[in-house]
Amino acid sequence: TNMDKAAGGVSGLMAEQLGLKNVSVLTEDGFGLVGDLEDGIECEKFVGELKNKFGVGNIRSSEPVEEKIYRVAVCGGSGKSFIGEAMKSGAQVYVTGDITYHDFYCEKGFMVFDIGHYASEYKVVDLFAEILCKNFPTFAVSKSNTGSTAGVTSTINCSDTDSQCSSSNSTGETGLKANKTYSVSDVAGNTASCSVTVTSQR
């Protein structure tokens, strides 16, 4: 999609989450990004950072690299077809989703991480909400997390902080106040990972 290639899009948000510097486009077609970490990091600690920043409990990977990680390639969604480009870019690790069995066989000194299709792309929902808030300031924007990224709750704030909203959330409550987060249950009954935030008057 367009957001896969757009500057600041899916892969751009991944790079931002990881704090990558000196970022450049990974493929000739404009997919993915590659950049440098400010400081080298051990593989085990990098795994912890991925779990924390992308809200995933389990990550599939190839054999861990032994040296500290300095250069990282990313591609949101299904990026297995760009593993070769990630290797050529000098990246030590490649973070994406939808990696298949045989793709986990990598050359020594290079590894792939599969954090899942959803986890690699979910931050783009925040971007869409921010764009809507900016361009339609009197439109009520609500967002709920019902995906598999556990423990991640996002709030979008618009400038109209004192307005009342006439719509209701899934709890059936009406007259919701702007910038207040209402906890609701997702399809699995998990209340901690699901919220609705009303941001401005409709």
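These legends describe close-up views of a predicted model. Local features need pLDDT of at least 70 and side-chain atom pairs count only at pLDDT 80 or more, while totals for chains, interfaces and linings use all residues. Residues are numbered from 1 along each chain as its sequence is written, and side-chain values use heavy atoms, with hydrogens and water left out.

**View 1. The overall fold has six helices and 10 strands.** Helices (H or I, at least four residues) and strands (E, at least two) are DSSP runs, numbered from the N terminus. The protein has 202 residues, and 44% of them count as buried. Buried means under 20% relative accessible area, exposed over 50%, and partly exposed in between (1.4 Å probe, protein chains only). Contact means heavy atoms within 4.5 Å. Among contacts with a separation of 6 or more, 54% come from residues 24 or more positions apart.

**View 2. Helix α2 is mostly covered.** Eight of the nine residues of α2 are buried. They are Val10, Ser11, Gly12, Leu13, Met14, Ala15, Gln17 and Leu18. Gly19 follows α2 and has a positive phi, near 70°.

**View 3. Helix α2 (residues 10-18) packs on helix α3 (residues 43-54).** The angle is about 120° and the axes are 10 Å apart. Axes are lines fitted to C-alpha atoms, for helices over the stretch in contact, and angles run from 0 to 180 degrees between N-to-C directions. The two helices are therefore oblique to each other. Angles under 35 degrees count as roughly parallel, over 145 as roughly antiparallel, 65 to 115 as roughly perpendicular and the rest as oblique. Met14, Gln17 and Leu18 of α2 touch Phe46, Leu50, Lys53 and Phe54 of α3. By class, that contact holds five nonpolar, one polar and one charged residues. Here Ala, Val, Leu, Ile, Met, Phe, Trp, Tyr, Cys and Pro count as nonpolar, Asp, Glu, Lys and Arg as charged, and the others, Gly among them, as polar.

**View 4. Helix α2 also crosses helix α6 (residues 123-135).** Their axes come within 9 Å and cross at roughly 110°. The helices are therefore roughly perpendicular to each other. Val10, Leu13 and Gln17 of α2 meet Lys123, Val124 and Leu127 of α6. This contact divides into four nonpolar, one polar and one charged residues.

**View 5. The structure holds three aromatic pairs, two of which are described here.** Rings of Phe, Tyr and Trp (its six-membered ring) pair if their centres lie within 6.5 Å; planes under 30 degrees apart count as stacked, over 60 as edge-to-face and the rest as tilted. Phe46 and Phe113 have ring centres 5.5 Å apart and planes at 55°, so the pair is tilted. Phe46 lies in α3 and Phe113 in strand β6 (residues 111-114), so the pair ties together parts 67 residues apart in sequence. Both Phe46 and Phe113 are buried. The rings of Tyr101 and Tyr105 have centres 5.8 Å apart and planes at 75°, so that pair is edge-to-face. Tyr101 is exposed, at 54% relative accessible area. Tyr105 is exposed too, at 62%.

**View 6. Asn22 and Asp98 have positive phi without being glycine.** Asn22 has a phi of about 50°. Asn22 lies in strand β1 (residues 21-25) and counts as exposed at 60% relative accessibility. Asp98 has a phi of about 60°. Asp98 sits in the loop between β5 (93-97) and β6 and is partly exposed, with a relative accessible area of 34%.
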